[in-house]
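Please open the model in your viewer and keep the sequence panel beside it. The stops below say what to select next and what is to be found there.

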Amino acid sequence: MQKTSGQQKRKGGQIRFTNEQTDALEHKFDAHKYLNPSERKKLAKALSLSERQVKTWFQNRRAKWRRIRKDGEEEDDLGAGMGQRPAFPSATTASSSPFQFTTTPFQ
């Protein structure tokens, strides 16, 4: 496998993108989450990458973007729910609950 100019080969045949390539890909991703074939071809040529490398980079970046968004929503949900409802019924909430909780001492 030959190295494309400006790329460093990594273990497993993967390549490491240069900082300039990564910056250009990130900039394009910020503007458009998906590329049509002509945009992909144009970007690949401009960055001296194959179309497949650009396509794969965008697929991986979208997966990361979704994961980050999902994690952020879960943190928001946890933060919003804090302090609104006790985890266990207290004396004040037990009477308004349809379930009665009683404790029995161990013998």
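Where is the place of Ser48? Select it, and you will find Ser48 in the loop between α2 and α3, where helices (H or I, at least four residues) and strands (E, at least two) are DSSP runs numbered from the N terminus. Ser48 is not a glycine, and yet its phi is positive, at about 55°. Its relative accessibility of 35% makes Ser48 partly exposed, given that buried means under 20% relative accessible area, exposed over 50% and partly exposed in between, with a 1.4 Å probe and protein chains only.

Before going further, note that this is a predicted model, in which local features need pLDDT of at least 70 and side-chain atom pairs count only at pLDDT 80 or more, whereas totals for chains, interfaces and linings use all residues. Residues are numbered from 1 along each chain as its sequence is written, and side-chain values use heavy atoms, with hydrogens and water left out.

**The whole chain**

Now zoom out and colour by secondary structure: the chain has four helices and two strands, and reading along the sequence gives the pattern β-β-α-α-α-α. Of the 107 residues, 19% are buried. Among the contacts (heavy atoms within 4.5 Å) with a separation of 6 or more, 48% are between residues 24 or more positions apart. If you display the surface, the chain exposes about 9200 Å², of which carbon and sulfur atoms supply 52%; these areas come from the Shrake-Rupley method with a 1.4 Å probe, and for residues only the protein chains shown count as cover.

**The nonpolar core**

Next select Leu25, Phe29, Leu35, Leu43, Ala44, Leu47, Leu49, Val54, Trp57 and Phe58, the 10 residues of the largest nonpolar core. The elements giving two or more residues to this core are α1 (19-31), α2 (37-47) and α3. Such a core is a set of buried Ala, Val, Leu, Ile, Met, Phe, Trp, Tyr and Cys residues joined through side-chain atoms within 4.5 Å.

Stay on Ala44 and show its surroundings: leaving aside neighbours within four places in sequence, Ala44 is in contact with Leu49, Ser50, Glu51 and Val54.

**Around the helices**

Move to Arg61 in helix α3, which counts as buried because its relative accessibility is 15%. Apart from neighbours within four places in sequence, Arg61 is in contact with Glu26 and Phe29.

Lys41 lies in helix α2 and is exposed, with a relative accessible area of 54%; a C-alpha to C-alpha line drawn from Lys41 to Val54 spans 8.5 Å, for a pair 13 residues apart in sequence. Lys55, in helix α3, is partly exposed at 42% relative accessibility, and its C-alpha atom is separated by 8.2 Å from that of Leu35, 20 residues apart along the chain.

Then pick His32, in the loop between α1 and α2, which is partly exposed at 36% relative accessibility.

**The largest pocket**

For the last stop, select Gln14, Ile15, Phe17, Thr56 and Asn60, which lie nearest the centre of the largest pocket among its 10 lining residues. A pocket here is an open set of points on a 1 Å grid over the protein atoms alone, where a 1.4 Å probe fits, with protein on both sides within 12 Å along at least five of seven lines, and lining residues have an atom within 4 Å of a point. Its volume is about 240 Å³. β2 (15-16) and α3 (51-81) each supply at least two lining residues, and α3 gives the most, with five. By class, the lining has three nonpolar, four polar and three charged residues, where Ala, Val, Leu, Ile, Met, Phe, Trp, Tyr, Cys and Pro count as nonpolar, Asp, Glu, Lys and Arg as charged, and the others, Gly among them, as polar.

How values were computed
Grid points are joined across faces, edges and corners, and a volume is the space filled by probe spheres set on the points.
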